[in-house]
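Hello,

Here is the structure I promised to pass on to you. Have a look at it first, and then read my notes below.

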Amino acid sequence: MYQYSSGEKLLQLCHDQGKDIAEIAIIAEVENSGNQKEQIIDWLKDQIQVMGDSIKKGLAQDIKSIGGLIGGNACKLQKRLESGDTFCGAVMLKSISYALAVTEVNAAMGRVVAAPTAGASGIIPGVLIALQEEKAYTDEEILHAFIVSGAIGKIIATNATLSGAEGGCQAECGSASAMAAAAAVYLNGGGPEQCLDAAAMALKGLLGLVCDPVAGLVEVPCSKRNASSVANALACAEMALAGITSFIPFDEVVEAMFKVGNMMSPALRETAGGGCADTATARNYSRMLHERRD
Ligand code: SF4
């Protein structure tokens, strides 16, 4: 049996079986679902295709979101990348522009992969597709990295939550950032411990992040929060690959995230009652939106 519900168990399986996280995760999924490995792989390839399509769509046109609060920001960042005048370099700028593109498509009711949620749907595609383009990773390497991200998400879902309504944005963007960080480490040849260290550091970096969508729309601060979560993921991947470890093990960070979520006021858990949603600008916008609808 290749079942795991914690980072510790996942690492133990990797060591005992002499396999990496992607190999363990895919065998576990075959055991769990009863599906053939090929079926699962085909489905995952479809998800990656949708991710790529949503990036292209978000960059191709000035998308306007349902609430009109976001759209066109991914294109602006692409132009800055093309200008060559960037502080962050191509991988970072591409990753965050791709993350914006996906979230803009999502906010316009387009098709995205909820990885792990629609609100945080830009982070994993942003990191994976930008790294593939800039570092020439093969489709198979990207597929395996995507599976690694899924293994991290599965552990968080099992022991905590991926829902902003339950755990705040730390559970959505925080989890996606942790998943993307582990995937990036894997792509660069990092071992299972390094993947989990990167995930732990990424989740720690966003611990306590509240869910505060303006007017209850998944636009502000969600879209730009995806971009900053990408930057967090890449920074933590770099640290892990440099040999920096997380003082708090991944499983304990997940537990802490869940506890913090439970301590959060309901106003900070997707009800649009606090944080950015309770600023003067947000309240004015909400009022205007309601008047327009009446
Ligand atoms: S603020 Fe809330 S709705 Fe927006 S991405 Fe974060 S968890 Fe999702």
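Let me start with a rule for helices: the expected span of a helix is 1.5 Å times one less than its number of residues. Helices (H or I, at least four residues) and strands (E, at least two) are DSSP runs, numbered from the N terminus. Try the rule on α11: its 20 residues should span 28 Å, and because its end C-alpha atoms are 28 Å apart, the two values agree. Just after α11, G243 takes a positive phi of about 95°.

Two notes before you go further. Residues are numbered from 1 along each chain as its sequence is written. The model is predicted, so local features need pLDDT of at least 70 and side-chain atom pairs count only at pLDDT 80 or more, while totals for chains, interfaces and linings use all residues.

**The whole protein**

The protein has 13 helices and zero strands. Its radius of gyration (taken over C-alpha atoms) is 19 Å, close to the 19 Å that the globule rule gives for 294 residues, so the protein is as compact as a globular protein of that length. That rule is 2.2 Å times the number of residues to the power 0.38. Along its principal axes, the C-alpha trace spans about 60 × 45 × 40 Å.

How many of the residues count as buried? The share is 51% of the 294 residues. A residue is buried if 20 or more other C-beta atoms lie within 10 Å of its own, exposed if 12 or fewer, and partly exposed in between, with C-beta atoms placed from the backbone.

**The cores**

A nonpolar core is a set of buried Ala, Val, Leu, Ile, Met, Phe, Trp, Tyr and Cys residues joined through C-beta atoms within 7 Å. The largest one here has 85 residues, and A181, A182 and A199 are among those with the most contacts inside it. Helix α9 gives the largest share of this core, 14 residues. A second, separate core has 11 residues, including L69 and V220.

What does A199 touch, leaving out residues up to four places away in sequence? Its partners are I152, A178, A181, A182 and F250; two residues are in contact if their C-beta atoms, placed from the backbone, lie within 7 Å.

**Around the ligand**

The ligand is surrounded by 14 residues, of which the closest are G119, G164, C169, C211 and C222. A residue is near a molecule if its C-beta atom, placed from the backbone, lies within 6 Å of it. The elements that give two or more residues to this shell are α9 (169-187) and α11 (222-241), and α9 gives the largest share, three residues.

**Loops worth a look**

A cis peptide bond joins A115 and P116, with omega about 5°; P116 is in the loop between α5 (90-107) and α6 (123-135). Another cis peptide bond joins V220 and P221, also with omega about 5°, and P221 lies in the loop between α10 (192-205) and α11.

In the loop between α12 (250-263) and α13 you will find E270. E270 has a positive phi of about 70° although it is not a glycine, and it counts as buried because it has 23 C-beta neighbours inside 10 Å.

Finally, is R287 buried or exposed? R287, in helix α13 (residues 280-293), counts as exposed because it has 11 C-beta neighbours inside 10 Å.

Enjoy exploring!
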